[in-house]
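Here are my notes on the model, as numbered points. Please read them with the coordinates open.

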Amino acid sequence: PVDVDTCTPILTPTERRNLRAMHECGYAHLRANELSQALAIFSEILRGRRERHGRKSLQAAVAMHNLGVVCMRSGRYEETVRLCDGAARIRSEKLGADCEDVACSLAQRGVAWMELGEYGLALESFGEALRIRKIVFGGMR
């Protein structure tokens with residue numbers, strides 16, 4: 001079934017429970033530092049979100065950001081940059097360029113650039129994230 005106003009597939013209660021269970025399981029593996037298991041679960045969540053909602057859907061962007069976080073913890077910084085960049089682009093298109101979620105993905109991308117020793121790119125990411133956060137939350141005090 002699809003929501004005719006948004007053209008977004010509607011999750012059944014069972015599908016919603018299954019997705020929540022996958023997130024909880026993946027997060028448990030992440031907390032336990034079982035990174036290969038966490039990567040597998042969050043990769044599968046992204047695959048499913050892309051398949052069900054589309055590659056450029058907001059749901060896919062959230063899954064990309066989450067997988068980027070897991071990649072960061074796993075030392076897969078190039079992949080983190082790619083995933084968080086994609087998440088930021090989709091979120092910007094769907095939610096607006098000055099959205100808090102865009103800033104969150106940009107900040108995560110900045111950390112990955114920093115870990116890769118790309119300090120100029122890290123500063124660009126952090127600067128843009130800060131600019132957005134100032135708009136969302138007000139000026140710095």
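1. Start with the H4 and H5 pair. H4 passes H5 in a left-handed crossing. Keep in mind that this is a predicted model. The two axes, for H4 (residues 77-95) and H5 (residues 100-115), come within 8 Å and cross at roughly 160 degrees. The cut-off for roughly antiparallel is an angle over 145 degrees, so H4 and H5 are roughly antiparallel to each other.

2. Next, the residues behind that contact. H4 contributes Tyr-77, Thr-80, Val-81, Cys-84, Asp-85, Ala-87, Ala-88, Arg-91, Ser-92 and Leu-95. From H5 come Asp-101, Val-102, Ser-105, Leu-106, Gln-108, Arg-109, Ala-112, Trp-113 and Glu-115. By class, the contact of H4 with H5 has 10 nonpolar, 4 polar and 5 charged residues.

3. Gln-108 deserves a look. It is found in helix H5. Is Gln-108 buried or exposed? Its relative accessible area is 18%. The cut-off for buried is under 20%, so Gln-108 counts as buried. Leaving out residues up to four places away in sequence, Gln-108 touches His-65, Val-69, Met-72, Thr-80 and Cys-84. Of these, Thr-80 and Cys-84 are among the H4 residues in the contact with H5.

4. H4 also packs against H3. The axes of H3 (residues 58-73) and H4 come within 8 Å and cross at roughly 155 degrees. H3 is therefore roughly antiparallel to H4. H3 passes H4 in a left-handed crossing.

5. On the H3 side, the contact uses Leu-58, Ala-61, Val-62, Met-64, His-65, Leu-67, Gly-68, Cys-71 and Met-72. On the H4 side, it uses Tyr-77, Glu-79, Thr-80, Leu-83, Cys-84, Gly-86, Ala-87, Ile-90, Arg-91, Lys-94 and Leu-95.

6. Now the H1 and H2 pair. The axes of H1 (residues 13-31) and H2 (residues 35-53) come within 7 Å and cross at roughly 150 degrees. H1 and H2 are therefore roughly antiparallel to each other. Their crossing is left-handed. Contact residues of H1 include Leu-19, Met-22, His-23 and Tyr-27. Those of H2 include Ile-41, Phe-42, Ile-45 and Arg-49. By class, the H1 with H2 contact has 10 nonpolar, 4 polar and 4 charged residues.

7. At 4% relative accessibility, Ile-45 counts as buried. What does Ile-45 touch, not counting residues up to four places away in sequence? The list is Leu-19, Met-22, His-23 and Ala-63. Ile-45 and Ala-112 are 67 residues apart along the chain, and their C-alpha atoms are separated by 22 Å.

8. Finally, the cysteines. How many disulfides does the structure hold? The count is 0. For Cys-71, the nearest cysteine sulfur is that of Cys-84, 8.5 Å away. A disulfide needs sulfur atoms within 2.5 Å, so Cys-71 is in no disulfide. Cys-71 has 0% relative accessibility and counts as buried. For Cys-99, the nearest cysteine sulfur belongs to Cys-104, 9.8 Å away. Cys-99 is in no disulfide. With a relative accessible area of 15%, Cys-99 is also buried.

Conventions. Residues numbered from 1 in each chain as written. Predicted model: local features only at pLDDT ≥ 70, side-chain atom pairs only at ≥ 80, totals over all residues. Heavy atoms only, no water. Buried < 20%, exposed > 50% of the residue type's maximum accessible area, 1.4 Å probe, protein only. Axes fitted to C-alpha atoms, helices over the stretch in contact; angles between N-to-C directions. Helix = DSSP H or I, 4+ residues; strand = E, 2+ residues; numbered from the N terminus. Parallel < 35°, antiparallel > 145°, perpendicular 65-115°, else oblique. Left-handed = near helix turned anticlockwise from the far one by under 90°. Contact = heavy atoms within 4.5 Å. Nonpolar A, V, L, I, M, F, W, Y, C, P; charged D, E, K, R; others polar.
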